[in-house]
Amino acid sequence: MESGKIAEAAVNLRIATRKACITQSEGRKKGTLSLDAKILFLIKEKPLTPNTIIDMLDLQKSNLACLASGLEKRGLIERHKLPARRETAYCITDAGKEYIEGKLAEIEKAFATFINDEKEYESAVETLESATRLLSFIENRT
């Protein structure tokens, strides 16, 4: 194994991922996936507490509160009290699911412009999932 290759590849992947999620944004031609969309993506499978989202996105508590308030006003999320604790969790609404599915469809469409067949598509998905696992491992160790 050549020293430093995995670190360099990880940094290059991190830089490239910012550009990989380019979407058409409201009021702008193109932009990276907004923090609003990232929050919705994180909670689309299960409700998350504010502290979990703060940790995952490296946000300040006040920034999350502002973002969540805006998402709530737009009807994209709801707050729910957790029964076992005195804490709330953010849950995605049906409107929020529709919003995030639209964003994901835009990203899929962009990838479709250069992925030619099903085999190549499946290989790309597998590679991205492997990269995600590797970066998660690295992040959890630091």
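# Reading helices and loops in a predicted model

Modeller: Start with T49, which sits in the loop between α2 and α3. Helices (H or I, at least four residues) and strands (E, at least two) are DSSP runs, numbered from the N terminus. This is a predicted model: local features need pLDDT of at least 70, side-chain atom pairs count only at pLDDT 80 or more, and totals for chains, interfaces and linings use all residues. Residues are numbered from 1 along each chain as its sequence is written, and side-chain values use heavy atoms, with hydrogens and water left out.

Biologist: Is T49 buried or exposed?

Modeller: Buried means under 20% relative accessible area, exposed over 50%, partly exposed in between (1.4 Å probe, protein chains only). T49 has 10% relative accessibility, so T49 counts as buried.

Biologist: Which residues is T49 in contact with, leaving aside neighbours within four places in sequence?

Modeller: Contact means heavy atoms within 4.5 Å. With those neighbours set aside, T49 touches L82, E87, T88 and A89.

Biologist: How do I read the packing of α2 and α4?

Modeller: Two packed helices are described by the angle between their axes and the distance between the axes. Axes are lines fitted to C-alpha atoms, for helices over the stretch in contact, and angles run from 0 to 180 degrees between N-to-C directions. Here α2 (residues 35-43) and α4 (residues 61-73) pack at about 80°, with axes 10 Å apart. The pair is therefore roughly perpendicular (angles of 65 to 115 degrees; under 35 is roughly parallel, over 145 roughly antiparallel, the rest oblique).

Biologist: Which residues meet there?

Modeller: L35, D36, I39 and L40 of α2 meet L64, L67 and L71 of α4.

Biologist: Which residues of α2 are buried?

Modeller: D36, A37, I39, L40 and I43. They cover an arc of only 160° around the axis, which puts them on the same side of α2. The arc is that of the directions from the helix axis to the C-beta atoms. These buried residues pack against α3 (50-57), α4, β3 (77-81), β4 and α5.

Biologist: What span does α5 reach?

Modeller: The expected span is 1.5 Å times one less than the number of residues. Helix α5 (residues 94-112) has 19 residues and reaches 26 Å from first C-alpha to last, close to the 27 Å expected. Its buried residues are G96, Y99, I100, K103 and I107. Seen down the axis of α5, they fall within an arc of 90°, so they line one face. On the other side, D94, E98, K109 and A112 are exposed.
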